[in-house]
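Hello,

Here is the structure I promised to hand over. Please open it first, then read my notes below.

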Amino acid sequence: MTKLKLQSLHKRESELAYAERQLEILSNGIFKSGELPKFKDKIAEIGQSPLKPKKLEILQINLGYMCNQVCSHCHVDAGPDRKEIMTRETMKQCLEVIKNTGAHTLDLTGGAPEMNPDFRWFVEEASKAGIEDFIVRSNLTIIRANKKYHDLPEFFKKHNVHVVSSMPHWTKGKTDKQRGDGVFDKSIKALQELNAVGYGLPDSRLRLDLVYNPSGAFLPGDQTSMEKDFKKALQEDFGIRFHNLFAITNLPISRFLDYLIASENYEDYMYSLVEAYNPTAVENVMCRNTLSISWDGWLYDCDFNQMLGLKVDSKIKHIKEYNEDLLNNRNIIISQHCYGCTAGAGSSCQGSVA
Amino acid sequence: MDNNYYDPKDLKKFGDITEWSEELGTKYFDYYGKVFEEGALTAREKALIALAVAHTEQCPYCIDAYTVDCLKRGVTKEQMMEAIHVGAAIKSGATLVHGVMMMNKVNKLDG
Ligand code: SF4
Ligand code: SF4
């Protein structure tokens, strides 16, 4: 990847900070000329257009776009300069939904969700709802970023939080190139601290999973073999244990789209996504069992659609008017970025789907 | 083959060789697929060997394909370059070791 930029697209006032511009790129060029088929036509071939939700299983809540890192591939365009943060009032509205939802998984993401000043309060309240699987997506370095975060492993343990963390490679060079200087060493330290309180150990109920996504314009390799390689290297080199590895494809939006265009990889990357299109992955794309809630309470089919400003196609668009049955009747909004979810073994926040 | 002997797009047509010799082509691709499955060697190790051989054979299609495959499997650029050096060392070694043949001949004829 090109050299890491230290500011978000928003701060740099890049045209790609605007969702409309990204959607325009994704609909024009090779897709407009017919050189590559549109996602809509591809899923129509298998009778999946319009794409409809199945049973709601996961509520994914984005607590804000602020982050201590500025990773080059970030689809959120997160960074220290992003000020969008969920308020306690919106959190209260989310809690009402969490108490009544049929979903079995709650998934907190960001940015770095821990940077939200009400993060701990929210976790404490939400964990009372007795949801089966309570995920926090932690970028690891936050645990080492400041003294006030040092006790996060204990805090996670206390609330039986399932920790899911990004780790693009088992070597320093590749990790720091994507996520910033020093990220690898801090992540290793944080993983060791999570292990020390019991996270990720073979029989532990404290789940620790890692997320792998490629460091450049290529698709992820097979999830099972990558998991083996990660486990071997992290254990041999640092004594680190974890449970599962989720291999995730980078979707061509936001900073990754910016990188693809700047490095002249955009067209080739879209070709490789379309070539790797796997119709069986369509069955399990995550928008079919997930709802995504933004920091300001709007509802989206997934975190990617959130970043593209595509609110759900339903009368119910905000958490304050939440109605699961009505929402489950909606059509999912799709565009060419969706090819990222159906390439190869498919890709979701829980890794491969096919 | 208008202006170039090699066209990157032709790599995608590799499977077409089966059209003009179905049985042999199919058998070859079945064999190829089997070779690259995880076995006593991991798929990652196999990709790295393939990359080294691609260079000694100087096949641009294979270099393209196995560079991407190595990246997908998490092989680092340092590992890729070392693998190519292994190929180069064997290739140059194979040339140089034939020097002994030349030496034997010279010694016999003109020793
Ligand atoms: S840690 Fe996650 S949210 Fe933060 S910049 Fe990196 S990818 Fe984006
Ligand atoms: S990008 Fe979102 S809407 Fe598109 S297929 Fe993936 S999860 Fe579904």
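The notes below cover the model, the two ligands and the interface.

This is a predicted model: local features need pLDDT of at least 70, side-chain atom pairs count only at pLDDT 80 or more, and totals for chains, interfaces and linings use all residues. Residues are numbered from 1 along each chain as its sequence is written, chains are lettered from A and ligands numbered from 1 in the order in which they are written, and side-chain values use heavy atoms, with hydrogens and water left out.

Start with ligand 1. The residues around ligand 1 (a heavy atom within 4 Å) include A:Cys67, A:Cys71, A:Cys74, A:His73, A:Arg179 and A:Arg255. The shell holds four nonpolar, four polar and two charged residues. In this count, Ala, Val, Leu, Ile, Met, Phe, Trp, Tyr, Cys and Pro are nonpolar, Asp, Glu, Lys and Arg are charged, and the others, Gly among them, are polar.

Next, the interface. In chain B, 10 residues are in contact (heavy atoms within 4.5 Å) with 14 residues of chain A. Chains B and A bury about 960 Å² between them. That is the accessible area (1.4 Å probe) lost on putting the two together, summed over both. Carbon and sulfur atoms carry 55% of it.

Three salt bridges cross this interface. The rule asks for a side-chain nitrogen of Lys or Arg within 4 Å of a carboxyl oxygen of Asp or Glu. A:Glu275 and B:Lys12 form a salt bridge, at 3.8 Å from N to O.

Best wishes
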